[in-house]
Amino acid sequence: MVVIGVCLVLVSLPFVTLLAMRLTSNQFIRETEQSLIQQSAIYAEIYAKAFAPLPGPAIGVPLTEDQQEHWSAGLRPVSASLNIHKDHVLEARPDGTPISEPLDPRYLSVQNDLIRIARGARQTTLSGVAFLTQTGRLLNSEGAPSLGELTEVRAALDGEIGRALRARGDTYARHPFASIS
């Protein structure tokens, strides 16, 4: 009986471990998302403070009353909501659509400082940052291509919180055991 019991425990141990990993994997996703939300709030403030005093026409889309109320509130916490079990993991972020028209000079004046701050922070946080214009053009990339076609970018440009689960880079390849890993 003891031998059979020990064998059953040893055989069931990998399955119990897989179940535990599956149950806790969403927690890792939520913690990462919450960390990225916190970082993005800091970057957004830096970006806004650098951009606001520059002369030029107002930019962006008009916000709804609910959005205005949310963004003007003294406190506006944002909770992590991505779910590895429900949300589909999208392909790696594309490079963007090339745009030939020049950037607004205001973006050019803040671009280098923003990128320098992000590169310095990346040494500690290990996370990348994409600074976008009001039309979704990527300031971090040569030629400022547009990422405006991405759903998460579109949501952000419309005054909402944009978020998506994306695979990381071209080296991401699904392995045969992806369903259980």
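User: Which residues does leucine 114 touch, not counting residues up to four places away in sequence?

Analyst: Happy to start there. This is a predicted model, and in it leucine 114 touches Ile46, Tyr47 and Phe131, once residues up to four places away in sequence are set aside.

User: Which residues make up the largest nonpolar core?

Analyst: The general idea is that in soluble globular proteins, nonpolar side chains tend to be buried together. Here the largest nonpolar core has 11 residues: Tyr43, Tyr47, Phe51, Leu103, Tyr107, Val110, Leu114, Ala118, Phe131, Leu139 and Ala144. Helix 3 gives the largest share, four residues. There is also a second, separate core of five residues, with Leu138, Leu150, Val153 and Leu157 among them.

User: At what angle do helix 1 and helix 3 pack?

Analyst: Two packed helices are described by the angle between their axes and the distance between the axes. For helix 1 and helix 3, the angle is about 155° and the axes lie 10 Å apart. Angles over 145 degrees count as roughly antiparallel, so helix 1 is roughly antiparallel to helix 3. The crossing of these helices is right-handed.

User: Which residues make the contact?

Analyst: From helix 1 come Gln39, Tyr43, Ile46, Tyr47, Ala50 and Phe51, while helix 3 brings Arg106, Tyr107, Val110, Leu114, Ile117, Ala118, Ala121 and Thr125.

User: How many residues of that contact are nonpolar, polar and charged?

Analyst: In the contact of helix 1 with helix 3, 11 residues are nonpolar, two are polar and one is charged.

Methods: Residues numbered from 1 in each chain as written. Predicted model: local features only at pLDDT ≥ 70, side-chain atom pairs only at ≥ 80, totals over all residues. Heavy atoms only, no water. Core = buried A, V, L, I, M, F, W, Y, C linked by side-chain atoms within 4.5 Å. Buried < 20%, exposed > 50% of the residue type's maximum accessible area, 1.4 Å probe, protein only. Helix = DSSP H or I, 4+ residues; strand = E, 2+ residues; numbered from the N terminus. Contact = heavy atoms within 4.5 Å. Axes fitted to C-alpha atoms, helices over the stretch in contact; angles between N-to-C directions. Parallel < 35°, antiparallel > 145°, perpendicular 65-115°, else oblique. Left-handed = near helix turned anticlockwise from the far one by under 90°. Nonpolar A, V, L, I, M, F, W, Y, C, P; charged D, E, K, R; others polar.
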